[in-house]
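Reader: Hi! Could you walk me through this structure, ligand surroundings to begin with?

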Amino acid sequence: MAKRLGELIQQFAERIPAGTAVPRRAEPEQCPICGGAGWLRMDAHVGDPNFGRLIMCTCLMQEVDERKQMEMREKSNSDGYANLTFENFNAGSSPSVREAYTAAVGFAEQPNQNWLLLSGSVGTGKTHLAAAVLNASLARGVDAIIWTVPDLLDYLREAFNPTSVITYDQRFEDIRRIPLLILDDLGTESATPWAKEKLYQLFNHRYNAQLPTVVTTNQDLETIDFRIRSRLQDRSLVRHVKMSAPDFRPRKRAEPPV
Ligand SMILES: Nc1ncnc2c1ncn2[C@@H]1O[C@H](COP(=O)(O)OP(=O)(O)O)[C@@H](O)[C@H]1O
Ligand SMILES: [Mg+2]
Ligand SMILES: [Zn+2]
């Protein structure tokens, strides 16, 4: 335990460039270890390579971790999906929509070792159902996140920026292992070799580990990278519902006022 903690502190200390000002939250004096400073000077003799070296206190590590989480949630725009629930979804618009609704409700209740793939044209309610799975899961205390695939790739790319405190590996790792990952709009990302490789790595990891994953796409599966497609087509893991329904959006707007 002590060793692991030491390693963690070391990792964090290396990630934060020396001299980086880290704003503290209120009541920092509550920390009994560092007294609120956030940093501890290593107890080493003059001449020791660790002499004078600052290491991050666990209280600040936790804070950095929380902020990293918050930043990830902000970038993924989870808020934009908050109002899309099973309650305000009309499951009766077509048989395939009903099937998708039932599958999504079932998935949200029991996502164990299972993937859900919703495909279909624009406006059939794929994003709505994916977001409903997110919100129901969050309400049950399952750590879940939704990303549109292009935004996710941007978020990962950003970590290569030299000013980024959080490394690419860390971001990728956080997303790879999140208990429930929801990927909206697969196939709309730009297919650079880098993006293809990262997406494949992500899918492959979650496939091998059988981690709960929801994917939506309005693309023909044939157009998707065959390595990803072959995983999406594994029926022992993936429940695939092809949704067909009139586009909900224009119909809604076109309704004349009564
Ligand atoms: N069955 C439905 N019941 C209620 N609202 C729906 C339904 N299907 C779609 N919508 C609404 O229509 C809009 C488009 O749906 P969306 O889920 O974004 O479609 P898709 O992701 O398949 O393109 C959203 O505002 C969504 O909330
Ligand atoms: Mg959508
Ligand atoms: Zn502290």
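Predicted model: local features only at pLDDT ≥ 70, side-chain atom pairs only at ≥ 80, totals over all residues.

Reader: Great. How many residues surround ligand 1, and which are the closest?

Author: There are 15 residues around ligand 1, and the closest are Asn90, Gly123, Lys126, Thr127 and His128.

Reader: And how does that shell divide into nonpolar, polar and charged?

Author: Four residues of the shell are nonpolar, eight are polar and three are charged.

Reader: Nice. What lies 2.7 Å from a nitrogen atom of ligand 1?

Author: That is a backbone N or O atom of Asn90. On the oxygen side, a polar side-chain atom of Lys126 sits 2.7 Å from an oxygen atom of the ligand. Thr124 also takes part, with a polar backbone atom 3.2 Å from an oxygen atom of ligand 1.

Reader: How much of the ligand's area does the protein bury?

Author: The protein buries 86% of the 550 Å² that ligand 1 exposes when taken alone. Two elements give two or more residues each to the shell: helix H4 (126-139) and helix H9 (248-254).

Reader: Is H4 mostly covered or mostly open, and what does it pack against?

Author: Mostly covered, as 10 of its 14 residues are buried. Among them are Lys126 and His128, along with Leu129, Val133 and Leu134. The buried residues pack against helix H3 (95-109) and against strands E3 (115-120), E4 (144-148), E5 (180-184), E6 (213-217) and E7 (238-243).

Reader: And what comes just after H4?

Author: Gly141 does, with a positive phi of about 85°.

Reader: Switching topic: is Thr148 buried or exposed?

Author: Thr148, a residue of strand E4, counts as buried because its relative accessibility is 16%, and the cut-off for buried is under 20%. Apart from neighbours within four places in sequence, Thr148 is in contact with Tyr81 and Asp184.

Reader: Last one, where is Arg53?

Author: Arg53 is in the loop between strand E1 (39-41) and strand E2 (54-56). Its relative accessible area is 28%, so Arg53 is partly exposed. The C-alpha atom of Arg53 is 5.5 Å from that of Met42, although the two residues are 11 apart along the chain.

Reader: Thanks, that's just what I was after!

Notes
Residues numbered from 1 in each chain as written. Chains lettered and ligands numbered in written order. Heavy atoms only, no water. Near = heavy atom within 4 Å. Polar contact = N/O pair within 3.5 Å; in protein donor to acceptor, adjacent residues only side chain to side chain. Areas by Shrake-Rupley, 256 points an atom, 1.4 Å probe, with all protein chains shown as cover. Helix = DSSP H or I, 4+ residues; strand = E, 2+ residues; numbered from the N terminus. Nonpolar A, V, L, I, M, F, W, Y, C, P; charged D, E, K, R; others polar. Buried < 20%, exposed > 50% of the residue type's maximum accessible area, 1.4 Å probe, protein only. Contact = heavy atoms within 4.5 Å.
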